[in-house]
Amino acid sequence: MSLFIVGLDSTVVNVALPTMQRELHAPVSGMQWTIDAYTLVLASLLMLGGSTADRIGRKRIFQTGLVIFLTSSALCALAPSLGWLIAFRMLQAIGGSMLNPVAMSIITNTFTDRTERARAIGIWGGVVGISQALGPILGGILVGAVSWRAIFWINVPVALTAVILTGLLVPESRAAKPRRFDPVGQLLVILILGSLTFAIIEGSSLGWGSPVIVGCFTLCAVALAGLLWYEPRRHEPLIEINFFRSVPFSGATLIAISAFAGMGSFLFLTTLYLQNLRGMSPLQAGLHTLPMAIMTVIFAPLSGRLVGSRGPRPSLFFAGLALTVAGILLTLLDAHTPLWQLIISYLIFGIGFGLVNSPITNTAVSGMPRSQAGVAAATASTSRQIGTSLGVAIAGALVTSATVRGPVPSESGWVMIIVYGALVLGLGVLTTTRWALATAARTAERLQEPEVSDLGGGPEAAP
């Protein structure tokens, strides 16, 4: 339930954007920030949320996150202006950052059998895809029947139910040796993601060569260099740079960024295409994404089973192929495209997105020591949110000038989905080769050695 509402809130807003733009008098950049303020903060704090839960108690942090998410959702529904809405969306993301990593820690420590854990992770990853795919439909229904504020009110009873169920069903647990807080690493991550996203979103309006935008890109590069220098030298860093010695892990990170950049772009551009170019209502626009959502719902659990039985390669290969083909079909859309052609492109995109989620998480945590699985999964979840943020930022920078109803997507925006799909396809093949799997095994050995020595090699080291 927690994962569903966190994933839902990264996409449910999309279909309401044109309505919110008119009511709140927002520019295109304001529409982008409504989405990216949430995904950006979520991406920045996911790993901090996981390590804090390990230290203080997973159940306690999980319930705290649900309460913050519940409260901030109500505040979003009551927001009087765009600025307040963006601020409350950031608060919402702070609550969301306390949920995903803890859920993964529960799964990885509950399911010790390799096959069972792969299936459980497949379901977990599938919920991400399902929630994001259903977002536009649910958003369209709520905006059409009530108002855009209803898309936030719906979180309140779900989060409240999850708080109660957590109290009844989830036992309290802590890590035997929790990771220490890394304030420098956390600050550098925020600087990297914040400066890069700001530069992409505001570049069109301020000018790509303006001092502010050039300064943001420079700050991003300097902060990234600082992170790469500082983190390997710190004991228990925020980001385990050694993880990236594993080709499957590095590939899973890039695949997650690519796939979710494609999803972020698709939903942002589709909303503008259906409502501003074709003149549909929010409800009609939401219903037109139903083929994509149905395919995601069907193929997400199938992908989880496929990963459990055949490994990640088949799912990644067909996901990348489907996303690439869908991107090609989307470039052919115009104001008079037949409905059947639109449905086919949405169906194929839904298949690709449904297939990609399970192998991302499985590839990220496979081969890692169980004590490191939560950190690895948090990195994969962070990559998803980074991808969504960048996808929306880049898509917004590529929209054409506004029509009577508002801005509409350009062909170059759709072309980027082809690029994202091709990256998923290529990386999916590369990360499942024997050479790649060998790097994962060597990385796991390196990570296991200090872990055993820290425990003194005694009986506790065996688990």
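The model is predicted, so local features need pLDDT of at least 70 and side-chain atom pairs count only at pLDDT 80 or more, while totals for chains, interfaces and linings use all residues. Residues are numbered from 1 along each chain as its sequence is written, and side-chain values use heavy atoms, with hydrogens and water left out.

**Two helix pairs**

Two packed helices are described by the angle between their axes and the distance between the axes. Here, axes are lines fitted to C-alpha atoms, for helices over the stretch in contact, and angles run from 0 to 180 degrees between N-to-C directions. Helices themselves are DSSP runs (H or I, at least four residues), numbered from the N terminus.

| Helix pair | Angle | Axis distance |
|---|---|---|
| α4 (residues 58-78) and α9 | about 165 degrees | 9 Å |
| α12 (residues 247-277) and α18 (residues 411-430) | about 155 degrees | 9 Å |

Angles over 145 degrees count as roughly antiparallel, so α4 and α9 are roughly antiparallel to each other. α4 passes α9 in a left-handed crossing, where the near helix is turned anticlockwise from the far one by less than a right angle. Contact means heavy atoms within 4.5 Å, and the residues making it include Phe62 and Leu66 of α4 and Val156 and Leu160 of α9. The residues of this contact divide into 11 nonpolar, 5 polar and 1 charged. Ala, Val, Leu, Ile, Met, Phe, Trp, Tyr, Cys and Pro count as nonpolar, Asp, Glu, Lys and Arg as charged, and the others, Gly among them, as polar.

α12 and α18 are also roughly antiparallel to each other, and α12 passes α18 in a left-handed crossing. Among the residues in contact are Leu254 and Phe266 of α12 and Trp414 and Leu423 of α18. This contact has 13 nonpolar, 7 polar and no charged residues.

**A loop residue**

Where does Glu172 lie? Glu172 is in the loop between α9 (155-169) and α10 (183-206). With a relative accessible area of 36%, Glu172 is partly exposed (buried means under 20%, exposed over 50%, partly exposed in between, using a 1.4 Å probe and protein chains only). Glu172 and Lys59 are 113 residues apart in sequence, and their C-alpha atoms are 5.0 Å apart in space. Not counting residues up to four places away in sequence, Glu172 touches Gly57, Arg58, Lys59 and Arg60.

**The cysteines**

How many disulfides does a search of the whole structure find? The search finds 0 disulfides, a disulfide being a pair of cysteine sulfur atoms within 2.5 Å. For Cys220, the nearest cysteine sulfur, that of Cys216, is 9.2 Å away. Cys220 counts as buried at 10% relative accessibility, and Cys76 counts as buried at 0%.

How values were computed
Helices (H or I, at least four residues) and strands (E, at least two) are DSSP runs, numbered from the N terminus. Angles under 35 degrees count as roughly parallel, over 145 as roughly antiparallel, 65 to 115 as roughly perpendicular and the rest as oblique.
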